[in-house]
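The sequence and structure are shown first.

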Amino acid sequence: MEKDKKLEELFLAQKPTFDDKAEFMATVTRRLDAVEFVRQHQENTLRRYKLAMVAAFVVGFISGAVTMAFVLSMPADVPLFTFSVESSILLWIAENSRLIATTALALLMSFGIMSIISNVQDILVLRHKCVLNY
Amino acid sequence: MTREVFITQIEREQEPLRCFLLALCCGNKSDADDLAQDALVKAYLSSAGYQEQGKFRSWLFKIAHNTFLNHKDSCRTMETLDDARTLISSTTADNAFEHQELYLALRTLPPKERSAITLFYLNGYSIKEIATITETSEDAVKKQLSRGRDKLRQELKMED
């Protein structure tokens, strides 16, 4: 495609000159410093959050396993808890207290682990967004 | 790319970048400089992924072009010529320019035509390079240039 000479001359004739280059660069540098500070802060926060999640996972897993082992190691013929009220349902609960406690603990641990995994995934997505979407 | 290398590169490229954005902003220096700053921050944050060796300016212009289009999308601008005249006469930067008519004429072009025309006539890019910067096809760039040139000639009352 041929260039329109008159238009080209018009554009080139009014090419501006900038006498505030140093000032412009100083502003850019200041903004880059600010962005760098925010980025570092966000990365540190995310790292701390991730560490907290991993710590919660490990502590939860170990304490859950210890509690479960403790419950299962108790004598099978002695219920974990009893009710003073005479009722067939409560009696059934008391007889199966070990099984109920173990199931509840396992459900609680599963829910905790799923929450932690979900949080860690959110952190990873957030970190990815922080890097890409500034 | 390290921070020092990036700053050295942008020190060299700031003038063409600001010229480009000043033309896209039709002589509004404050908007152009704000967009230039935003584009440079975006470029800095993406500089880790920059691999096009030797094409730093094109890469920077691509980011600046996208920043300009996002800015145009996100804010309501004064589109009439009267508004443009008021704006231009009130900005100190434009007093330095002899040919304000060109900025007024550029204002009548849609953003994509304005980008193509500016890159072609002011920055001297080829159609292929403009297609890369604006992420469109070469045919689309040719059409934008052709339409933009006709409109500019009409606005500027230029004779053949």
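## Nonpolar core

In this predicted model, the largest nonpolar core comprises 42 residues. The residues with the most contacts inside this core are Phe20(B), Leu21(B), Leu35(B), Ala36(B), Ala64(B) and Phe120(B). At least two core residues each come from α1 (5–13) of chain A and from α1, α2, α3, α5 (100–107), α6, α7 (127–134) and α8 of chain B. Of these elements, α1(B) gives the most, with 8 residues. In soluble globular proteins, nonpolar side chains tend to be buried together.

Leu35(B) illustrates the contacts of one such residue. Leaving aside residues up to four places away in sequence, Leu35(B) touches Leu21(B), Cys25(B), Ala64(B), Thr67(B), Phe68(B) and His71(B).

## Packing of α1(B) against α3(B)

Two packed helices are described by the angle between their axes and the distance between the axes. For α1(B) and helix α3 (residues 56–74) of chain B, the angle is about 40 degrees and the axes are 10 Å apart. Because of that angle, α1(B) is oblique to α3(B). The crossing in which α1(B) passes α3(B) is right-handed.

On the α1(B) side, the contact is made by Gln9(B), Glu13(B), Pro16(B), Leu17(B), Phe20(B), Leu21(B) and Leu24(B). The residues contributed by α3(B) are Phe56(B), Arg57(B), Leu60(B), Phe61(B), Ala64(B) and Phe68(B). By class, the residues of this contact are 10 nonpolar, 1 polar and 2 charged. Phe20(B), Leu21(B) and Ala64(B), which take part in this helix contact, are also among the residues with the most contacts inside the largest nonpolar core.

## Interface between the chains

Between the two chains, 28 residues of chain B are in contact with 22 residues of chain A. On the chain B side, two or more residues are given by each of α1 (3–24), α2 (29–46), α6 (111–122) and α8 (138–155). The largest share of that side, 8 residues, belongs to α1(B). The side of chain B that touches chain A has 17 nonpolar, 3 polar and 8 charged residues.

## Chain A

Chain A contains 4 helices and 0 strands, and its elements follow the order α-α-α-α from the N terminus on. Of its 134 residues, 4% count as buried. Among contacts in chain A between residues at least 6 apart in sequence, 65% join residues at least 24 apart.

Methods: Residues numbered from 1 in each chain as written. Chains lettered and ligands numbered in written order. Predicted model: local features only at pLDDT ≥ 70, side-chain atom pairs only at ≥ 80, totals over all residues. Contact = placed C-beta atoms within 7 Å. Nonpolar A, V, L, I, M, F, W, Y, C, P; charged D, E, K, R; others polar. Axes fitted to C-alpha atoms, helices over the stretch in contact; angles between N-to-C directions. Parallel < 35°, antiparallel > 145°, perpendicular 65-115°, else oblique. Left-handed = near helix turned anticlockwise from the far one by under 90°. Core = buried A, V, L, I, M, F, W, Y, C linked by C-beta atoms within 7 Å. Buried ≥ 20, exposed ≤ 12 C-beta atoms within 10 Å, placed from the backbone.
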